[in-house]
Structures are given as structure tokens and as C-alpha cells.
Amino acid sequence: MSVALFNALLELGDDHLILGHRVSEWCGHAPLLEEDLAMPNMALDNIGASRNIYTYAGEVEGKGRDEDQLAYLRLDREYKNCLLVERPNEDFAHTMLKQLYFSAFMEPYWQAALSSSDETIRGIAGKAVKEMAYHIRHAGEWVIRLGDGTEESAKRMKEAVEELTPYVEELFVMSADAQECADDGILPDREALRAQWNQTVANIFDQALLELPEVKYPQLGGRTGHHGEEMGFLLAELQYVQRAYPGMSW
Amino acid sequence: MSVALFNALLELGDDHLILGHRVSEWCGHAPLLEEDLAMPNMALDNIGASRNIYTYAGEVEGKGRDEDQLAYLRLDREYKNCLLVERPNEDFAHTMLKQLYFSAFMEPYWQAALSSSDETIRGIAGKAVKEMAYHIRHAGEWVIRLGDGTEESAKRMKEAVEELTPYVEELFVMSADAQECADDGILPDREALRAQWNQTVANIFDQALLELPEVKYPQLGGRTGHHGEEMGFLLAELQYVQRAYPGMSW
Amino acid sequence: EEFLAAFQARIDREEKIEPNDPMPEGYRKTLIRQIGQHAHSEIVGMLPEGNWITRAPSLRRKAALLAKVQDEGGHGLYLYSAAETLGVSREQMTEELLSGKAKYSSIFNYPTPTWADMGTIGWLVDGAAIMNQIPLCRCSYGPYARAMIRVCKEESFHQRQGYELLISLCNGTKEQKDMAQDSINRWWWPSLMMFGPHDADSSHSEQSMKWKIKRFSNDELRQKFIDATVPQAEYLGLTVPDPDLKWNPEKNNGKGGYDHGEINWVEFWQVVKGHGQMNRDRIKARKKAWNDGEWVRDAALAHAEKRAARQTAQAAE
Amino acid sequence: EEFLAAFQARIDREEKIEPNDPMPEGYRKTLIRQIGQHAHSEIVGMLPEGNWITRAPSLRRKAALLAKVQDEGGHGLYLYSAAETLGVSREQMTEELLSGKAKYSSIFNYPTPTWADMGTIGWLVDGAAIMNQIPLCRCSYGPYARAMIRVCKEESFHQRQGYELLISLCNGTKEQKDMAQDSINRWWWPSLMMFGPHDADSSHSEQSMKWKIKRFSNDELRQKFIDATVPQAEYLGLTVPDPDLKWNPEKNNGKGGYDHGEINWVEFWQVVKGHGQMNRDRIKARKKAWNDGEWVRDAALAHAEKRAARQTAQAAE
């Protein structure tokens, strides 16, 4: 059991860490000052959640690994985040859409996790569910503004939709580990959140004058550590100090 | 003595490695296919020279460090390359100008090193001097084409000149270590190469319709390990595999 | 002149000047310049620390750093708002920053090559900033004074956090302690330069003192900073890179204080004039953010207009 | 029809067809498509390996990788030149690549997440390419055949280099050997797919065989590749990820050969149709290089024109 929970927690922790990393890359480079405040906020929420998740994963594993050992000291193929979150920032349209897609999934996920049989999970969920509701609102408003803004912004939003939508499916995929945790009532069933995700996104896309394309060939692989090429560069940065100065505390 | 030579060799080795690294970043992304062949060529020459230099530095040091230990396993503040070579690629105009500035210095440097009192140095110089002559030609032709090309290309060349020229002075600076090696006839006097550098560049700038600005405040610091912020990211990439898998051979 | 005298009398009575109050043009201009510079410094100041967010060596430190850089953006926002009360727009101030017309604190033109710099900036740079800013909490211009109260509170938190980061390094391995010492070697003198030229060479000071925009001289504040900071360095077990530094019991009216070596004013002016190691990179980064973001700002505006038009249309039905 | 028969007779006599020779439109088109695809594959093929140049773990490997990627660019150049002899320009072919009209080898739509992939690509991918290309050295179209002779020579050097890289990993630590095994697990099946669909499902084959553009069927070449490669994997101490793989002494007319498991044709078609993991990233990278480089190409042209005009003017004086 604990192996499945450990792995399923890594899926969750890695999703939050890597998405938080990506959005943190904007810090100091946002298109307007208000977003130089809002994007670090989202990064903080995501990274904050990853810390709680990794800490619990370390406890579940029982080998004495703490949040930093799990966050920093694995190899490319050992990270289990979905491909969506590792996609490069590209422009602000891509970034906001990525945040929306992820939070539109995580909000109902944490909502469902509030009735987990596991007390720690309930605790993590209680905090995260509010944050994700805020991310949906904030990113959703931008998707609407950009989708129904200028010709240029509408074009960029459409490109972002075309490019990122194939990565959504992986959010719903149940790994064997996630399935085991769902069967035991510890973590929510990802499959079951499809309707809610569709509802949230459809509502926003409607105002944003966007259409959700049908995806015949979803992009999968992150959960089994089959990452894209950008991931290695992200990890080289993320891990550099820990790798160059091994075994120190900071 | 050997400490001075070791340090002076690191200055040289780091210059070549880091410039080679920068130009290698273009590989597969050049503006035309011919440059996808020419730029790796320049990278190979630079990196090849750095290998010979580091190998010799390791011998001089006498602590058993090989080219890879010197290239990969130092910290940011221990690299002694001048700031010019670590500057980001920006666009093709910047890249070619950087190559020109560097090779216009190194060609007479290696020429002078042909009469070094040190046989290994003479050997390294013999190979490198021809390569640097080719770099001057190749980069110089591009500087001329871009400087006397379209309005856009002329503007970009001018910007590159304005931006990179303050970094040239550091090529001529004699560290105490370099001075000691020059006094002993092992390495050339950098100061003495100014006229030749000016001649080479003036000749090309003349055809490129460019003017060399006067630099009141040169940018110095690399020789004492005071690098810019881009350097840390460059090293995170360069060193990643060596750091993540310590002590292995490849 | 009657107006000027009355205005000065208000200042002398320590009354706060508020946005709609009449004020001399020089007072307004001085404040716009100073608050604008201050705001720009917060914005540009996000870059040297932002440089380490993706590479912070622990998640706890990463979160703290993110929050800190975010706070700087927040300070920028209050300060731009305070300046706007004087009739200048944020956009206009931004254009002046990007064109090089407006200045920002020179300290941000030094690079942050190592992680230790995240501690040193908090401790020394924020420390010097606080020393400069505490008197501004009593500045005669109300909105600026109120912004500064909030800023100072957050800055002292940052300063403690930076110092705490250095404590971790100094309690760590030799490499870590060396990294901390190296960082202080690089930041000590630039921090002292943050107080500006010697009083004798300072151009704007006298009038600003009279208007109670400024309350202490550059040299007074610098001395206070040194006296407060040297013992903190000692506690860390680190050395301040000034061979001439020594305790002088006569100083500060017999309370004692530190004599220090001469500041390198050539370097100071080089950086102020735009030729520091990072000046061009900083402005380039800000320009890129501003230019790349133009379509986003345009879209937000266009959307707001569309929405307003739709509401008007609905109301008319 | 008389012409077609005469042309076929030349082919059958193993005469080389040269650029200025008359040739059927179908022959020309088939060659343009195939050589173009081949050239594009070399160009796009620079990206997955280029990905590791800045991160190669030793200077020796870094230099070898740079040289290899450069060779691929060189192959692209000869092949575009061979195609140009058929009356199509490099620019036109490039536009077709970027618009998605022209294809390139699907193998390059897989990512290279680890350093071991630099060995595996040399060994398996270049190995499969050589298997496909050796018969092309005898292709009926002269310029293509001659280009392929040069390409094949360099490719076999790359293949040996890749294999040697894997030997180093397999002689290294457990992490290194695991990295090599993981890499083969990812690349084995895509390499088999490089030979194309089963003969029964292959559309262009028959006519190409007749014209001696192609000389062996997809399945024949795939079988040859497997038979050559499996013992090499065994030598490395690595496993080929095919549970159904087994030696069949009956195969190859009693010389023996390997039976293999079924290829995942769903994945094959998904990637061919543009939905592999890296398809969009590859084309995006090429488009960016092309678009960002436009001003350089324009400037080179403008400069050449200016120079020519000056020479004409001088000559006229």
C-alpha cells in the first residue's frame, strides 16, 4: 500500500513543483506589475502544496527522505509530473491557459480529497482547494480578456489552446498507484473529474470566444517519467546548487 | 612559477571553453544551413583548444586533474574567462562580432606564442593560430555583410558593437599570473597585441561601415571570477551530468 | 513668496502635506523624482534576486525568496501609487526608467553570482535601505510617508531573513562559509555607496532637508549603518573587507563608532552613469518585459472597453 | 510509352540517370520527394542530438557530438544539392518542411531525455539508417547515389561512435548501465519502425523497386537490422525490449534469424501524422531558426547585390 501512496503522492507533488517552477520563471518579467505580484502568488501556492505533499510522501516512504531530497535529488526519468506542467512558458497566453487547465482539474480534485480517509490528505486539500479556486478565477479572467481582447491576443490564445489541449488528458489518467489509492478511498478518482473540468473550462471558453478542440491523440508519458526535452534543462537549474554542493543544509 | 602558469592557462582554457559553449548553442538553430556547419566548426576549434590547454594545466598543477575535472568541476567564482566570451548569444550579429573580437586577439596571441620558451605552448599555438585566422575571416565576412547589408542588419550590427566593445579591454589585461608567464617568455604579453587587434578590426569595420566606439568604462572582472548572471546558468547546463552522476567516466 | 513661507511653516509644524494641498513646484518635482526612483529601484531590484528563484537550494528558501521578490513588486506598486498622487502616471514613469532618464538605485547593477548573495542582499542591501527609509516614514508628504511605513515593516522582515540565511551558511561547511565571505566582500562597499556621495558632494540634500523630505545626511546614515552592521558581521564570524575599519571611542559624541576606509568614488560614479556590470542587462530585461507585454496590456484595455460598451448597450435596451 | 520503355531499359542495364537526362515525371517526383524527405530528416535530426551538446559529460564526447551534428547538417547540404539537380530549390523544400507538407523521418519526433540517448541514436538510429541507405548507394539516380556513398561512410563512423559510447556506460556504474538499458527500451521499437510499414501496407514501394530507387523491401531490411543488432545488444549486456524475440534457425533460407514481436502500428501512424511527443516542438524549432534568420539571409543577399553593383560600376569606369 504505502508504495502506491508514495508514488501517487510523487505524481501530485511533481505536478505542483514543476508548474510552480514554470510560473516562477516570470518573476520580474511579467507584462504588467500586477502580474509580477499575481504570478509569484500562484508559484507560492503550487510550491507550498508540493512541500506538504513531499513531506508526507517522505513519511509514507519511511526512508527518512525529506521534501528537499524528493524535490531535488531524483533524475529526469524519476519525476512523475504530467507533461502539461513542464511545457515551456512561451507567452503569457500559454502560461495563463496552463494555469487554468491545471487548476480546473485540481480544484475538484482537492474538493473530493476533503473526504479522503486519510487525515493528512484532508489537511492538504483544505488549504489547496481555496488556492485552486483563486487560480481558476485569476487565470480564467485572463483567458477571457485575451480571448476577447485584440486580434493579436485572440490569435495567441487560440494558438495556446491548440498547443496545450493535447496535454490535458494526462491529468485524468489513473496510474496503477493512483488507482490503488482511489480504491482505498485515500485519493480521488481522477477519471471522475472530467465533467467538472469540462464545465469549468467550457464556461470560461464561452466568454473567451474560444473553442475546445477535440483531441484524437493525447500526449501522455510524464507519469511514467517520459518527459520532453525541456525538462532536463529545468532540472539542471532546479538542482544545480544541491548537486554542486552535495549533502549540505541551506 | 607553476602556480602562475597554471592560472594563466586557466584564463586561456576558460576563454576557449566558454566561447565554444556559447557558439555551440546555435547548433541546429542557425539562420542558414551553411552556418549550421560553420558555427559548430568554430565551437570545435575553441573546445579543442581548451582541451589541450586544460590538459597541460593539469600537468603543470601536478595534482592529477585532467581536462574534464578542470572544465567541469569548478565553481562559478573559480572560472577565469573574460566577460566577453560568456555574454549571451543574443542574435547572429552579436555572435559573429564576439567571435571576431576574440579571434582578432587570439590570432596574434598564438602567433606570438609560437616563439614561446615552452614546447607544449608552441605546439598548442601552432594548431590554434590557423584556426583563429579562419575565425577572423569567417566572422569578419559576416560583420561586413551585416554591417553593409540591409538597414535592419546594419542596425543590429551597430547595437552589437555598442554592446560588446566595452568587454574588449579585458582581453589585454595582464593578471599577475599572466605577467609572470610573460616575463619568463612562456606566454605572450597581452598588452602588446593592441595594435594588431585594432588593425584587424579597423580593416573589417571599414568595409562594414562601422565605427569602433571609444570605451571610457571597460567591463572587467572575469579574470578574477567576477562573472555576470548568465554564467551561472551556463555552468548549470555544462556541469549537470558530471554533478548529478559524480565520479563516473563517460 | 507668502505661499512659500506658509508652506514652510506647515512643514515646520510637522503637518503632513496631502495630495490636494497646494505645494511649491520644486517640492512636487523633488518628490516625483525621489518616489519614482524609489519605485523603479523596487522594480529593478526584483531582478538580482529573481535570478536565483529557479535555483534556490531548498523549497523553504525558494518560497521565501519568491515571497520576498513579490514584496518588492508590491513596494513598487505602493510607491508608484504615491507618485501618482502628485500627477504623474505609472506609464510615464516606466517610460522614463526604460529610456534611462529616470534612475534607480545603483546597488542593483551588481550581479548575484552566488546563492550567498540572497542572504547578503537581505542583510546589507535591505539593511542600508531601511536605514535610509526609516526617516522617510516621517516625510512631510503624507502618501509617501504612509507607503514607507508599510515598506519598512516588510524590509525589516527581509533583513532578518537574509541574515538568517547567512547564519545557515556560516554554520555550514567550509565551502558555504567561504561563499558567504566572498559575498560580503563583493557587497560591502556597494552597500556603503547606497547612502550616496559625501555630504559635501551631495547636490539635492539641503532643500530636501528643509522640506523634511530628508532628515539625516548621507554620511550620518552611513555611519549609523556601519555601526549597526559590523557587530553583526562579527557574530557571523565573517570579516568586513575594509582594512582601515577600526573602533573609535571618540566617535558619535563619545558613544563610539567605527572609522572606515575611503570609498571608491570612481566606481560609484561609473555605476551611476550606467557603466556598472549589470546596468545594460537590467534595463534590457525591463525593456523586454515591457515590450513583450504590450500586447497583453493592449488586450486587457480592449477587453475592458468591449465590456463597458456591452454594459452601456444593455443599459440602453 | 516508347520513352518509358527506353528509360526502363537504361535502368535495367544499371545505367545511372544524370540531371540532364530525360526522365519520366513520376521518376522525378518520386526522387524529389524522397531526397527532400531525406534531407529534411538530416536537418531535423540535428535537434535531438543538438539537445545534449551543452550538457555532454566530457569534453571528448562534447567534441564528438558537435562533429556528429555538424555532419548531419553536411548530409542535409549534399542531399538538398542532389534534389536541386532535379529542379527544386532548397528554399522551396524548406518551406514545404515548415508548412508540414513535406515529411521527415518520424524517429526524430522522439525526445532525448538522457545522455545515453546519444549512444543509442548512433547505434540504433544511424544503424537502421545505414541499413536503409546502403542500397541507395546503387540508386539509379546518379547524384543521389553519389551523395549516399559519402553519407553512408560518415554514418557508419557515427554508428561505431554511438556503440562505443554505450560500451562506456555499460562498463560504468549501475546508474550508467541502467541509463543505457532505459534508453534502448525507448528506442528499440521506434528504430524498427524506421523501415516503414509492412511490405503489404507500403504504398510507394513497387514502382520504386522497378525504377531501382529502392532495392529491398521494408520487411527485408528490418529483418537484416534485427539480425545484425541483437547480438550487439547481447555484447553490451543489455536486453532488447521484445519478449517475443527469439532465434529461428529456419529463417533467412536456413541461415537463421530472429522472430520478433508485433510492432505498435497505432503509435507509428500517430507519430507519422504529426502527433508524436516532439513533432510540434521540432517544427517549431525549425520555424524559429528560419524566421529569426530571415534578416541575416536578406542582409547577405543585399550585400552581395551591392558588391556586384560596385564591381559593375568599377568595370564601367
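This is a predicted model: local features need pLDDT of at least 70, side-chain atom pairs count only at pLDDT 80 or more; totals for chains, interfaces and linings use all residues.
The contact between chains C and A comes first. It draws on 47 residues from chain C and 48 residues from chain A. Put together, the two chains bury about 3900 Å², with 68% of that on carbon and sulfur atoms. Charge pairing also turns up here, with three salt bridges across the interface of chain C and chain A. In one of the salt bridges between these chains, C:Arg310 pairs with A:Asp148, and their closest N and O atoms sit 3.1 Å apart. As for which parts of chain C do the touching, the elements giving two or more residues to the side facing chain A are α3 (46-50), α4 (59-84), α7 (142-170), α8 (174-193), α12 (279-292) and α13 (294-316) of chain C. The biggest giver is α4(C), which puts 14 residues into that side. Sorted by class, the side of chain C that touches chain A comes out at 24 nonpolar, 11 polar and 12 charged residues.

Next up is the contact between chains B and C, which takes 16 residues from chain B and 21 residues from chain C. Here about 1600 Å² is buried between the two chains, 45% of it on carbon and sulfur atoms. On the chain B side, B:Arg77, B:Tyr217 and B:Glu229 lose the most area to chain C, and together they account for 41% of what that side buries. Salt bridges between chain B and chain C number five. B:Arg77 shows up again in this setting: it forms a salt bridge with C:Asp182, with the closest N and O atoms 2.3 Å apart. Polar contacts across the interface of chain B and chain C come to 10 residue pairs, again with both residues at pLDDT 80 or more. The side of chain B that touches chain C splits into five nonpolar, five polar and six charged residues.

Now for the interior. In soluble globular proteins, nonpolar side chains tend to be buried together. In this model, the largest nonpolar core has 298 residues, and A:Trp110 and B:Trp110 touch the most other members. Leaving aside residues up to four places away in sequence, B:Trp110 touches B:Leu12, B:His16, B:Ile53, B:Ile124, B:Ala125, B:Ala128, B:Val129 and B:Met132. There is also a second, separate core of 32 residues, which includes B:Leu37, D:Leu86, D:Leu136 and D:Cys137.

Back to charges: over all chains, a search of the whole structure finds 78 salt bridges. A few within single chains are worth a look. In chain C, C:Glu15 and C:Arg13 form one, with their closest N and O atoms 2.9 Å apart. C:Glu15 is partly exposed, at a relative accessible area of 30%, whereas C:Arg13 counts as exposed because its relative accessibility is 52%, the cut-off being over 50%.

The side chains of C:Glu18 and C:Arg146 meet in a salt bridge, 2.9 Å from N to O. C:Glu18 lies in the loop between α1 and α2 (25-44) of chain C and C:Arg146 lies in helix α7 of chain C, so this pair ties together parts that are 128 residues apart in sequence. Both partners are partly exposed, C:Glu18 at 24% relative accessibility and C:Arg146 with a relative accessible area of 47%.

D:Arg60 and D:Glu164 meet through their side chains in a salt bridge, 3.7 Å from N to O. D:Arg60 belongs to helix α4 (residues 59-84) of chain D and D:Glu164 to helix α7 (residues 142-170) of chain D, so the bridge links parts that are 104 residues apart in sequence. D:Arg60 is partly exposed, with a relative accessible area of 40%, and D:Glu164 is partly exposed at 31%. Salt bridges also join up between chains: A:Arg77, D:Asp117, D:Asp182 and D:Arg186 are linked in a network of them.

C:Ala6 counts as partly exposed, at 42% relative accessibility. From C:Ala6 to C:Gly127 the separation is 121 residues in sequence and 37 Å in space, C-alpha to C-alpha.

Terms used
Residues are numbered from 1 along each chain as its sequence is written. Chains are lettered from A and ligands numbered from 1 in the order in which they are written. Side-chain values use heavy atoms; hydrogens and water are left out. Contact means heavy atoms within 4.5 Å. Buried area is the accessible area (1.4 Å probe) that two parts lose on being put together, summed over both. A salt bridge is a side-chain nitrogen of Lys or Arg within 4 Å of a carboxyl oxygen of Asp or Glu. Helices (H or I, at least four residues) and strands (E, at least two) are DSSP runs, numbered from the N terminus. Ala, Val, Leu, Ile, Met, Phe, Trp, Tyr, Cys and Pro count as nonpolar, Asp, Glu, Lys and Arg as charged, and the others, Gly among them, as polar. A nonpolar core is a set of buried Ala, Val, Leu, Ile, Met, Phe, Trp, Tyr and Cys residues joined through side-chain atoms within 4.5 Å. Buried means under 20% relative accessible area, exposed over 50%, partly exposed in between (1.4 Å probe, protein chains only). A polar contact is a pair of N or O atoms within 3.5 Å; within protein, one must be able to donate a hydrogen and the other to accept it, and residues adjacent in sequence count only if both atoms are side-chain atoms.
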